[in-house]
Amino acid sequence: MKNKVILLFSLFMLLQNSVAQTNKNIFPDGTPIPNWFLDASKIALKSLGKQYVITDFGAKKNSTAIQTIAIQKTIDQAAKNGGGVVVIPKGTFFSGALFFKPKTHLYVSEGAILKGSNNIADYTKQASRMEGQNLDYFVALVNAYGVDGFSISGKGTIDGNGLKYWEAFWERRKENPKCTNLEVSRPRLVFIWNSNNVQLQDVKLHNAGFWTSHYYKCNNVKIIDLHIYSPYKPVKAPSTDAIDIDACSNVLIKGCYMSVNDDAIALKGGKGPWADKDPLNGENTNILIENCEFGFCHAALTSGSEAIHNKNILMRNCIVNEATRLLWLKMRPDTPQKYEYITLENIKGQAHSLIYVKPWTQFFDMQDRKDTPVSYSENITLKNIDLKCDVFFDIAINQYVKLKNFTFENLNVETKNAAIDKSIVNGFTLKNVKVNNALVE
């Protein structure tokens with residue numbers, strides 16, 4: 001009898017552990033997280049095929065001359081021979097825009113720096129995607145258009161050499177305080193378009209001229225153990241978003257450090273009164289962010305400002321320092337939006353605002369639409385969060401923004417402003433929420 005009791009107890013505990021594990025690995029809408037997301041194994045250099053070292057094709061180490069021709073020649077030769085990995089060896093190599101082709105990869109060796117030219121003439125202007133619209137714009141330093149299986153790896157650095165671009169932007173902003181981001185010609189650091197099964201690992205992405213890494217219409221993207229940095233002083237690096245996810249599905253962001261003078265992770269997908277009808281736009285679904293650390297940034301996680309639908313976004317087990325906001329829901333009044341099933345859990349650190357939800361009116365344009373689109377944020381959960389902040393509940397909306405089913409659970413918040421207005425959310429659940437050591441009900 002005793003053995004039966006022990007067996008039953010063991011089976012019960014096993015079942016409980018199984019349920020706990022299952023609950024741990026579900027997306028916010030309750031669907032299981034596929035095993036693909038749980039595999040953060042690294043790509044080995046030897047698995048990428050033949051190695052094409054750029055110095056074997058004429059690239060000069062530590063030269064101040066632009067090496068674009070020699071490096072692109074290396075990429076083209078690898079593609080011509082059926083694929084392989086382009087290796088940046090130890091040393092500094094200046095380059096303009098590079099275009100990777102099917103079955104090619106980039107490996108930046110430890111001690112290597114692939115450094116972008118600070119002359120915009122070294123970046124062609126062609127069909128591209130910026131700020132939620134398809135347009136002709138300057139390409140990035142590293143580009144992959146339709147390169148399934150593309151990878152960037154190695155422990156070296158891709159440096160955008162952005163100071164000249166930053167200074168030009170701020171000079172223009174002095175001339176015209178209302179100037180847009182696109183008025184000053186600046187290149188991104190990495191742009192990957194319409195590519196599936198992509199992996200970036202270990203590299204340092206520093207000093208971008210514009211957005212640091214941008215992924216548009218990609219599926220199955222893994223971004224693992226990157227160090228992403230652009231300064232906010234003494235010269236601010238404007239609009240250097242660390243990771244821009246733009247109409248993508250199945251994205252894993254794991255073990256990354258991000259400190260930039262804009263949003264760290266921004267979920268984009270289109271803007272404008274008819275954005276949800278445009279096939280060039282799209283939703284972001286199934287995004288897992290875990291074990292990351294955030295330095296200075298305008299927000300650790302942002303929906304918008306150019307986004308139409310973000311669903312199943314899970315950010316967990318992260319540390320936040322110097323963030324202006326932990327979660328920012330940019331409600332753009334000229335764009336129909338739906339942000340749903342977004343969960344942040346197991347977060348520690350400090351920020352100015354815990355959650356920030358307000359109309360985003362920068363560069364507002366209703367075009368010829370007469371009625372104002374209504375936007376929604378639903379099923380938003382903040383759970384197991386220990387945070388010091390200036391403002392606890394930084395939310396102010398109008399009649400065109402609908403908030404529904406917010407859950408705050410197991411929050412321990414120390415703040416200068418503890419005010420909360422639960423009435424602006426239709427269905428607001430608070431469980432064990434302590435603000436300045438007082439239980440909020």
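The model is a predicted one.

Some background to begin with. Most residues other than glycine have a negative phi, and most peptide bonds are trans. The spots I will go through depart from that pattern.

I will take the peptide bonds first. Where is Pro234? Pro234 sits in the loop between β18, residues 227-229, and β19, residues 243-246.

Next is Ser305. The loop between β25, which covers 299-303, and β26, which covers 309-331, is the place of Ser305. Between Gly304 and Ser305 the peptide bond is cis, with an omega near 10°.

Now to phi. Asn62 is not a glycine, yet its phi is positive, near 60°. On the chain, Asn62 belongs to the loop that runs between β1 (51-53) and β2 (63-66). Is Asn62 buried or exposed? The relative accessible area of Asn62 is 55%, so the residue is exposed; the cut-off for exposed is over 50%.

You will find Glu131 in the loop between β8 (125-130) and β9 (133-138). Is Glu131 buried or exposed? With a relative accessible area of 6%, Glu131 is buried, because buried means under 20%.

Terms used: Residues are numbered from 1 along each chain as its sequence is written. This is a predicted model: local features need pLDDT of at least 70, side-chain atom pairs count only at pLDDT 80 or more; totals for chains, interfaces and linings use all residues. Side-chain values use heavy atoms; hydrogens and water are left out. Helices (H or I, at least four residues) and strands (E, at least two) are DSSP runs, numbered from the N terminus. Buried means under 20% relative accessible area, exposed over 50%, partly exposed in between (1.4 Å probe, protein chains only).
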